[in-house]
Amino acid sequence: PGSTTPLPQADLAVGGVPLTELAERFGTPTYVLDEDEVRRRCRAYLRAFPDADVLYAAKAFLCRAMAHWVQEEGLGLDVCSAGELELAVTTGYPPERIVLHGNAKSPDDLGTALRLGVGRIVIDSTSEIARLAAAVPAGSRQKVLIRVVPGIAAGGHAKIRTGTEDQKFGLSVADGSAQHAIARVLGQPRLELVGLHCHLGSQITTVKPYLSAVRRLVGLLARIHEQHGVTLPELDLGGGHGIAYLPGEPALDIACLGTKIRAELARGCAAAGLPVPRLAVEPGRAIAGPAGVALYRVLTVKRTGTHLFVAVDGGMSDNPRPALYGVRYAPRLVGRRSAVAPEAVTVVGRHCEAGDVLASDVRLPGDIRPGDLLAVPVAGAYHLSMASGYNLVGRPPVVAVADGQARLLVRRESFADIRERDIGL
Ligand code: LLP
């Protein structure tokens, strides 16, 4: 079972800087990242998983500073495109500490990975094997893992479940395609198979599915040993560690996860007569999510027969998660105290569709009005990394706060930026 984590006090200050000051200085909408919180979370992982590789899943959120922080803390990186890979490498991230994923890697993804000397490439399909082997320069070998579908259902939402059979990720053990791929990779002189990978899904709040995954993958390691006489030295269990978005919600207990996974792995390997492989985990959300706060300004307030709609200056273009997954957030009023009783409101965005809802049925003071500032805690993962250019409103900036100081990491996308890319007429 998960434990509850306190949510950051978004109504006061983040990193020692009042949110009202950040809104004044950087405008709204703005995303604020608490550098110390990111670093604390990295350290908690390293404590929970000693002797393992902790790889930050860049898809949750990546900018150059973020790459720099996680590298300084001693984490590796999980990327799934040439773009994520190249951005990280521009910060001096050692490529050998980076793992490339993807169910459909483009020639550019593979070419960039090989050119930069990425540490591991995770093979996700049979057709990728020959394509990758052909791209590896003569005389060198690329270390690879094979992504296996363990056949385990876990995760917060159907759209983010990846451990079950019959979906686009990985190679199934049940239908034999994983075994087939393993044999193929072992036959490729330019590929060095170093281990197995699986990723169950995302926003998982219990330890149990991870232990099932360990058992199944150790079983497969044992079969590989039997059939091919090969002992694979690495096991990557992916990410998916769930966090609390609302007060009182459960979060996955990372320390407990680490202890139990390591115990299960040791037990399973001993029973199978295998050496314990080096473990890797790939947390994204659990590192970036709670470290971020989104700041919005209220633009209009509209009372209908049944709803109080509070419209802010951002929306589904900077946070598509409520529209995509129906997930809930707990925005708070900041910068003023209201004596008026809270009532149920629907916080909506500024975009041209009715589904542009940021938070439904949240309690905010009944006198909420244009000009008020709203803060949405737990906004650090899968908001800006999934931001779109909808309605050409421009993407919000990212501001880092630490020790009472704020600094701009990524500037707001301006109309000039948008205009510059549009070169035809
Ligand atoms: N490793 C692999 C191979 C992954 O596919 C993912 C996430 C992770 C690690 C990191 O998972 P995390 O620890 O962040 O849960 N957009 C969705 C989440 C999609 C996750 C995709 N893969 C959302 O906003 O909930």
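Predicted model: local features only at pLDDT ≥ 70, side-chain atom pairs only at ≥ 80, totals over all residues.
Start by selecting R321, which sits in helix α11 (residues 321-325). Numbering starts from 1 along each chain as its sequence is written.

**Stop 1: the annotated binding site**

Setting aside neighbours within four places in sequence, R321 is in contact with V327, Y382 and H383. Contact means that the C-beta atoms of two residues, placed from the backbone, lie within 7 Å.

Now select R285, R321, Y325, E353 and Y382 together: an unreviewed UniProt entry annotates them as "binding site". They spread over 98 residues of sequence and also in space, up to 27.5 Å between C-alpha atoms. UniProt positions follow the numbering used here, feature names are shortened, and annotations may be inferred rather than shown by experiment. Zoom to E353, in the loop between β18 (342-348) and β19 (357-365). E353 counts as exposed because it has 12 C-beta neighbours inside 10 Å.

**Stop 2: K59**

Next, pick K59, which the unreviewed UniProt entry lists under "modified residue: N6-(pyridoxal phosphate)lysine". Look for K59 in the loop between β5 (52-57) and α3 (64-72). K59 counts as buried because it has 22 C-beta neighbours inside 10 Å. Leaving aside neighbours within four places in sequence, its contacts are C80, G284 and S385.

**Stop 3: helix α9**

Select residues 254-272, the 19 residues of helix α9. From first C-alpha to last, α9 reaches 27 Å, close to the 27 Å expected at 1.5 Å a residue; the expected span is 1.5 Å times one less than the number of residues. Colour its buried residues: I254, L257, G258, I261, L265 and G268. The buried residues pack against α2 (35-48), α8, β14 (278-281) and α10 (285-288). On the face turned away from them, find the exposed A263, A266, A270 and A271. Just after α9, G273 takes a positive phi of about 70 degrees.

**Stop 4**

Colour domain 1 (49-282) and domain 2 (290-421); the bounds come from an automatic or database domain assignment. Their centres, taken over C-alpha atoms, are 33 Å apart. Where they meet, 12 residues of domain 1 are in contact with 17 residues of domain 2.

Which residues have the most contacts inside the largest nonpolar core? They are L77, I146, V148, L196, L217 and L295, in a core of 122 residues. Helix α8 (residues 208-228) gives the largest share, eight residues. Each of domain 1 and domain 2 supplies at least three residues to this core. A nonpolar core is a set of buried Ala, Val, Leu, Ile, Met, Phe, Trp, Tyr and Cys residues joined through C-beta atoms within 7 Å. Finish at L217: leaving aside neighbours within four places in sequence, L217 is in contact with V148, P150, L196, C198 and L235.

Key. Helix = DSSP H or I, 4+ residues; strand = E, 2+ residues; numbered from the N terminus. Buried ≥ 20, exposed ≤ 12 C-beta atoms within 10 Å, placed from the backbone.
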